[in-house]
Amino acid sequence: MWIQIRIAMYETGLMIGHFEPLHLGQMRSILAAAGQAKTLHIVIMAHPSPHADFSITLQDKARWLQMACADLPFVRIHTTHEIELPLHDGFVDVTIDIDASNAKLQRLTEALNLPAEAVLFVAENHPLAQSDVYEQLSMPVVTTPLQPEFDSYAIARDPVAHWSALHPQARGDYTKTVAIVGGESSGKTTLVHKLANYYGASFALEMGRLYVGTDLGGSEIGLQYSDYAPISLHHAQAIREAAARATAPVTIIDTDFVTTQAFCEEYEGRTHPFVAACIDEFRVDHTIMLDNNTPWVDDGMRSLGTPEARGRFEQRLVDIFARHDIKPHMVDQPDYDARYQQALLLIDQHVYGKNS
């Protein structure tokens with residue numbers, strides 16, 4: 001048996017929201033509206049109470065929606081700093097200022113050159129959908145189905161706790177990058193993989209080691225000053241890609257630009273300005289520094305194995321961090337499992353907000 005569902009089709013529709021963060025419930029509402037309008041205009045506004053832990057711009061939100069709707073050419077994305085949308089924790093007993101609402105709708109209609117028959121899409125429980133309100137509005141109101149499993153206010157207050165509800169296009173701006181740094185044979189890469197598995201997180205590998213394999217034939221004998229810029233550039237791209245495909249509120253980074261700079265100063269005797277610029281421009285959110293107090297293992301690509309060399313390199317890292325005003329979290333346990341547990345506590349506290 002075929003069930004036919006007849007839906008009214010409007011020429012032009014309008015949706016307005018903060019979309020901070022963009023979540024799957026909002027996307028479903030957008031799709032419901034898009035199914036009823038030949039052209040749907042979405043206007044994104046600044047959030048009146050942005051989350052203190054995340055720096056989200058109107059351009060970030062526009063990018064999320066542009067990417068999410070890239071294959072829906074009938075959806076048009078707009079931003080505005082000029083019109084504010086009030087924030088309500090719930091819609092019970094919300095009073096609508098009819099004159100102010102009509103003034104905002106008029107300004108948007110003129111700015112977007114909307115036709116007179118354009119309709120405004122809102123959720124079924126929105127105050128603007130109440131009969132005593134929408135009858136006084138200058139634009140007809142059409143409702144979209146409720147998305148009860150998605151609480152926009154709870155998601156906005158704690159995006160980390162509602163990670164699975166975030167739209168994939170928004171997750172890259174809500175994951176926190178954590179770099180694991182330290183000297184040679186300090187257990188960085190093993191710890192990166194353990195943490196990535198524990199949190200189900202995406203990760204970026206150490207680019208210096210990969211570069212030696214892809215561009216230097218597997219040996220550092222050909223490494224020179226000019227190689228540090230492409231190593232840093234590749235690392236920046238790897239971090240960007242790992243964050244963009246974030247699978248968890250934390251994204252793990254194997255080493256950082258400070259480490260690259262330390263190796264450059266160690267082997268070349270001078271600071272690389274491009275690497276220095278990368279340290280300042282591509283900041284990670286948190287840095288975990290492993291003390292150089294584990295056994296040194298010669299893997300064929302390491303050369304700083306003496307206590308003197310290991311101490312010197314660790315001091316270089318400390319000095320470069322201070323030079324760029326970076327304060328790493330220290331992990332000083334000599335036991336590998338204890339280091340892992342210490343790193344978990346740091347990430348749980350600083351990324352997931354757990355205090356115990």
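Reader: Which residues does Ile42 touch, not counting residues up to four places away in sequence?

Author: This is a predicted model. Ile42 lies in strand β2. Leaving out residues up to four places away in sequence, its contacts are Met15, Phe19, Ile30, Leu65, Val75, Arg76, Ile77 and His78.

Reader: Is Ile42 buried or exposed?

Author: Buried means under 20% relative accessible area. Ile42 has 0% relative accessibility, so it counts as buried.

Reader: Which residues touch the most other members of the largest nonpolar core?

Author: In general, nonpolar side chains of soluble globular proteins tend to be buried together. Here the largest nonpolar core has 32 residues. At least two core residues come from each of α1 (24-34), β2 (37-45), α2 (58-68), β3 (75-80) and β4 (119-123). The members that touch the most others are Ile30, Leu40, Ile42, Leu65 and Phe121.

Reader: How many residues are in the other core, the one with Ile253 and Val275 among them?

Author: This other core lies apart from the largest one. Ile279 and Ile320 are also among its members. Its residue count is 31.

Reader: How far apart in space are Ile42 and Asp254, C-alpha to C-alpha?

Author: In sequence, Ile42 and Asp254 are 212 residues apart. In space, the C-alpha to C-alpha distance between Ile42 and Asp254 is 39 Å.

Reader: Which backbone oxygen does the side chain of Ser202 reach?

Author: Ser202 is found in the loop between α7 (188-199) and β7 (203-204). Its relative accessible area is 7%, so Ser202 is buried. Not counting residues up to four places away in sequence, Ser202 touches Ala242, Arg245, Ala246, Thr247, Thr251 and Ile252. At 2.8 Å, its side chain reaches the backbone oxygen of Ala242.

Reader: What is the volume of the largest cavity?

Author: The model has two cavities of 30 Å³ or more. Lining the largest cavity are Glu20, Pro21, His47, Ser49, Pro50, His51, Ala156, Pro159 and Tyr174. By class, that lining has five nonpolar, three polar and one charged. The volume of the largest cavity is about 50 Å³.

Reader: Which element gives the largest share of the lining of the second largest cavity?

Author: The second largest cavity holds about 30 Å³ of space, and its lining consists of Val178, His286, Ile288, His329, Leu346, Ile347, His350 and Val351. Two or more lining residues come from each of β9 (286-290) and α13 (336-350). The largest share is three residues, and it comes from α13.

Reader: How many charged residues are in the lining of the second largest cavity?

Author: The lining of the second largest cavity includes five nonpolar and three polar residues.

Reader: Which element gives the most to the lining of the second largest pocket?

Author: The second largest pocket has a volume of about 820 Å³. Of its 26 lining residues, Gly172, Asp173, Ile239, Arg240 and Ala243 are the closest to the centre. Elements giving two or more residues to this lining are α2, α6 (168-171), β6 (176-182) and α9 (228-244). With seven residues, the element that gives the most is α9.

Reader: How many charged residues are in the lining of the second largest pocket?

Author: By class, twelve residues of this lining are nonpolar and six are polar. The charged residues in the lining of the second largest pocket number eight.

Note on methods
Residues numbered from 1 in each chain as written. Predicted model: local features only at pLDDT ≥ 70, side-chain atom pairs only at ≥ 80, totals over all residues. Heavy atoms only, no water. Core = buried A, V, L, I, M, F, W, Y, C linked by side-chain atoms within 4.5 Å. Buried < 20%, exposed > 50% of the residue type's maximum accessible area, 1.4 Å probe, protein only. Helix = DSSP H or I, 4+ residues; strand = E, 2+ residues; numbered from the N terminus. Polar contact = N/O pair within 3.5 Å; in protein donor to acceptor, adjacent residues only side chain to side chain. Contact = heavy atoms within 4.5 Å. 1 Å grid on protein atoms, 1.4 Å probe; cavity = no way out; pocket = protein on both sides within 12 Å on 5 of 7 lines; lining within 4 Å. Points joined across faces, edges and corners; volume = space filled by probe spheres on them. Nonpolar A, V, L, I, M, F, W, Y, C, P; charged D, E, K, R; others polar.
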